[in-house]
Amino acid sequence: LSPPLSPTSPLPSLGRRGVLPLVAAFAPSPAILPRQRTNMIIYALYIINKSGGLIYQQDFHPDAPKMSLNEHLRLGSTFDGLYTITSNLSPVRPAGGGIETLVTNSFRIECFHSATGLKFFATADKQQQGLGAALRGIYTIYTDYVLKNPFYELDQPIRCELFTQSLKSFLSNSKE
């Protein structure tokens, strides 16, 4: 028999007839996770739900600014507002996407907007390339470890240790 599921376990996949097999093992497909072989310097990752609420934030680099939870919430909702404004200002109709990349003198912000309305944005070194592919890989990890978790409720804060561990592993593999 398979071990019992815990709140942090990913959901096993369904069998051919839509029934869970007695023994199920789950691992994300390595073929769909992009593997950058550059010095990936991501300072922080933010995930915003379709309502504009921050559901996940994690610092991945010691140079990431130290902020309180309220500051992270304010930053996430401000980015969502700016994303919406820029998508409405787009001369392409129907409205094109919002902010995809924003480069400053000291860092860059890159955003991936999923088909379901989630926004994944990361702050990184200003010279960082390939951040879009990394954000799509992070989205794949999100679908594997968060959406398939039977204890996760959509649009709620993400509290899944396997997701965080997989993100750290993915980003450390990207650095090699």
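Reader: Let's start with a single spot: where is the place of Asp155?

Author: Asp155 sits in the loop between helix 2 (131-147) and helix 3 (161-175). Keep in mind that this is a predicted model.

Reader: What makes Asp155 partly exposed?

Author: Its relative accessible area is 26%. Buried means under 20% and exposed means over 50%, with partly exposed in between, so Asp155, at 26%, is partly exposed.

Reader: And what about the phi of Asp155?

Author: Asp155 has a positive phi of about 65°, although it isn't a glycine. Most residues other than glycine have a negative phi.

Reader: Let me step back. Which helices and strands does the chain have, and in what pattern?

Author: There are three helices and five strands. Going along the sequence, they follow the pattern β-β-α-β-β-β-α-α.

Reader: How confident is the prediction in terms of mean pLDDT?

Author: The chain's mean pLDDT is 79, and 74% of its residues reach 70 or more. Over residues 14-38, though, the pLDDT is below 50; this stretch still has 40 contacts in the model beyond near neighbours in sequence. Where pLDDT is low, the predicted coordinates should not be read in detail.

Reader: What makes Ile85 count as partly exposed?

Author: Ile85 has 48% relative accessibility. Exposed takes over 50% and buried takes under 20%, so Ile85 lands in between and counts as partly exposed. Ile85 is in helix 1. From Ile85 to Ile99 is 14 residues in sequence and 9.1 Å in space, C-alpha to C-alpha.

Reader: What does Tyr139 touch?

Author: Setting aside residues up to four places away in sequence, Tyr139 touches Phe112, Ser114, Thr116 and Phe120. Tyr139 is in helix 2. Tyr139 and Phe112 are 27 residues apart in sequence, and their C-alpha atoms are 8.5 Å apart in space.

Reader: How many of the chain's contacts join residues at least 24 apart?

Author: Taking contacts between residues at least 6 apart in sequence, 53% join residues at least 24 apart.

Reader: Now the largest pocket: how much space lies in it, and which residues lie nearest its centre?

Author: It holds about 270 Å³ of space. The lining has 18 residues, and Leu75, Phe107, Ile109, Phe121 and Thr123 lie nearest the centre.

Reader: Which elements supply the lining of the largest pocket?

Author: Strand 1 (42-48), helix 1 (69-89), strand 4 (107-113) and strand 5 (119-125) each supply at least two residues. Helix 1 gives the largest share, five residues.

Reader: How do the residues of that lining divide into nonpolar, polar and charged?

Author: They split into 14 nonpolar, three polar and one charged.

Methods:
Residues numbered from 1 in each chain as written. Predicted model: local features only at pLDDT ≥ 70, side-chain atom pairs only at ≥ 80, totals over all residues. Heavy atoms only, no water. pLDDT = per-residue confidence, 0-100. Contact = heavy atoms within 4.5 Å. Helix = DSSP H or I, 4+ residues; strand = E, 2+ residues; numbered from the N terminus. 1 Å grid on protein atoms, 1.4 Å probe; cavity = no way out; pocket = protein on both sides within 12 Å on 5 of 7 lines; lining within 4 Å. Points joined across faces, edges and corners; volume = space filled by probe spheres on them. Nonpolar A, V, L, I, M, F, W, Y, C, P; charged D, E, K, R; others polar. Buried < 20%, exposed > 50% of the residue type's maximum accessible area, 1.4 Å probe, protein only.
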